[in-house]
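Some labels given to parts of a protein model rest on cut-offs. The questions below ask how such labels are reached.

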Amino acid sequence: MEPIAVERRGNVTILRMQHGKASTLDLEFTQLLIDTLEAVGQPPANAAVLTGTGNIFSAGVDLIRLQTGGNGYIQRFVPLVSQLVLALLEF
């Protein structure tokens with residue numbers, strides 16, 4: 001199963017997060033979300049719906065990865081989260 005399922009319905013793109021049990025944001029998944037938003041933001045998409053799987057949207061930031069990844073991981077991850085928020089707002 002792909003971490004993000006992409007479905008097009010006319011000019012609307014549905015992005016279904018299905019990364020692990022609760023689509024937690026880690027370094028790799030956050031980058032994938034940014035890349036996917038960039039790709040689907042090209043015509044003919046006029047809108048996107050970001051949704052989760054089942055009854056979970058996302059458990060948020062993967063705190064275990066933050067704790068075990070150390071300072072280097074945090075220094076790479078925090079700017080990516082900012083970039084993701086900006087990408088969502090600009091979409």
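The questions and answers that follow concern a predicted model.

Q: Why is S23 called buried?
A: The relative accessibility of S23 is 3%. Buried means under 20%, so S23 counts as buried.

Q: Where is S23 found, and which residues does S23 touch beyond four places away in sequence?
A: S23 is in the loop that lies between β2 (12-17) and α1 (27-40). Leaving out residues up to four places away in sequence, S23 touches M17, Q18, F29, F57, S58, A59 and G60.

Q: What makes the aromatic pair of Y73 and F77 stacked?
A: The ring centres of Y73 and F77 are 5.8 Å apart, and rings pair if their centres lie within 6.5 Å. The angle between the planes is 10°; planes under 30 degrees apart count as stacked, so the pair is called stacked. A search of the whole structure finds 1 aromatic pair.

Q: Where do Y73 and F77 lie, and why are they called buried?
A: Both are in helix α2 (residues 63-90), 4 residues apart, which is about one turn of the helix. Y73 has a relative accessible area of 4% and F77 has 3%. The limit for buried is under 20%, so both residues are buried.

Q: How do you know that β2 pairs with β1 and with β3?
A: Two strands pair if there are at least two bridges between them. Strand β1 (residues 4-9) is joined to β2 by 6 bridges, so these two pair, and they run antiparallel. Between β2 and strand β3 (residues 47-51) there are 5 bridges, so these pair too, in the parallel sense.

Q: Which residues stand opposite V12 of β2?
A: R9 stands opposite V12, and V12 also stands opposite A47 in β3.

Notes
Residues are numbered from 1 along each chain as its sequence is written. This is a predicted model: local features need pLDDT of at least 70, side-chain atom pairs count only at pLDDT 80 or more; totals for chains, interfaces and linings use all residues. Side-chain values use heavy atoms; hydrogens and water are left out. Buried means under 20% relative accessible area, exposed over 50%, partly exposed in between (1.4 Å probe, protein chains only). Contact means heavy atoms within 4.5 Å. Rings of Phe, Tyr and Trp (its six-membered ring) pair if their centres lie within 6.5 Å; planes under 30 degrees apart count as stacked, over 60 as edge-to-face and the rest as tilted.
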